[in-house]
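Colleague: Before I rely on the labels attached to this model, I would like to hear how they were reached.

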Amino acid sequence: MTTEFVTNYIDKKLNENDNFIRYTFYELRVKNNLSEEEVDEFLRINRDYFENKGYKVYFTNEEIIGYHFYKI
């Protein structure tokens, strides 16, 4: 996983809906083939980015629902 991958993924999600960002377990682990450690790092970077942009960050039951970032 590269910085470019993370940046491009954030941009992609913001273009889809900038008020609600959602990453699913399937999307990150299966579709993008990220390891557990890479997912942790990916989400840490995203958490910091979205909190700095004024989003509320929620980590729910990651295997079922996913990871959510809501704009305030």
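Modeller: What follows sets the values beside the definitions behind them.

This is a predicted model, in which local features need pLDDT of at least 70 and side-chain atom pairs count only at pLDDT 80 or more, while totals for chains, interfaces and linings use all residues. Residues are numbered from 1 along each chain as its sequence is written, and side-chain values use heavy atoms, with hydrogens and water left out.

Colleague: Where in the protein is confidence lowest, and where is it highest?

Modeller: The pLDDT, which is the predictor's confidence in each residue on a scale from 0 to 100, averages 84 over the protein, and 82% of the residues score at least 70. Confidence is lowest in strand β3 (residues 67–71), at a mean of 63, and highest in α1, at 94.

Colleague: How many helices and strands are there, and in what pattern?

Modeller: Taking helices as DSSP runs of H or I with at least four residues, and strands as runs of E with at least two, numbered from the N terminus, the protein has three helices and three strands, which follow the pattern α-β-α-α-β-β along the sequence.

Colleague: Why is Lys13 called buried?

Modeller: Buried means under 20% relative accessible area, exposed means over 50%, and partly exposed lies in between, with a 1.4 Å probe and protein chains only. Lys13, in helix α1 (residues 3–16), has a relative accessible area of 9%, and is therefore buried. Leaving aside residues up to four places away in sequence, Lys13 touches Ile21, Arg22, Tyr23 and Glu27, where contact means heavy atoms within 4.5 Å.

Colleague: What makes Arg29 count as partly exposed?

Modeller: Arg29, in helix α2 (residues 25–31), has 29% relative accessibility, which falls between the two cut-offs, so Arg29 counts as partly exposed. With the same exclusion of residues up to four places away, Arg29 touches Leu34, Ser35, Glu36 and Val39; the C-alpha atoms of Arg29 and Val39, 10 residues apart along the chain, are separated by 7.2 Å.

Colleague: Why is α1 described as oblique to α3?

Modeller: The axes of α1 and helix α3 (residues 36–52) come within 11 Å and cross at roughly 55°. Angles under 35 degrees count as roughly parallel, over 145 as roughly antiparallel, 65 to 115 as roughly perpendicular and the rest as oblique, so α1 is oblique to α3. The contact is made by Phe5, Val6, Tyr9, Ile10 and Leu14 of α1 together with Phe42, Ile45, Asn46, Tyr49 and Phe50 of α3.

Technical notes
Axes are lines fitted to C-alpha atoms, for helices over the stretch in contact, and angles run from 0 to 180 degrees between N-to-C directions.
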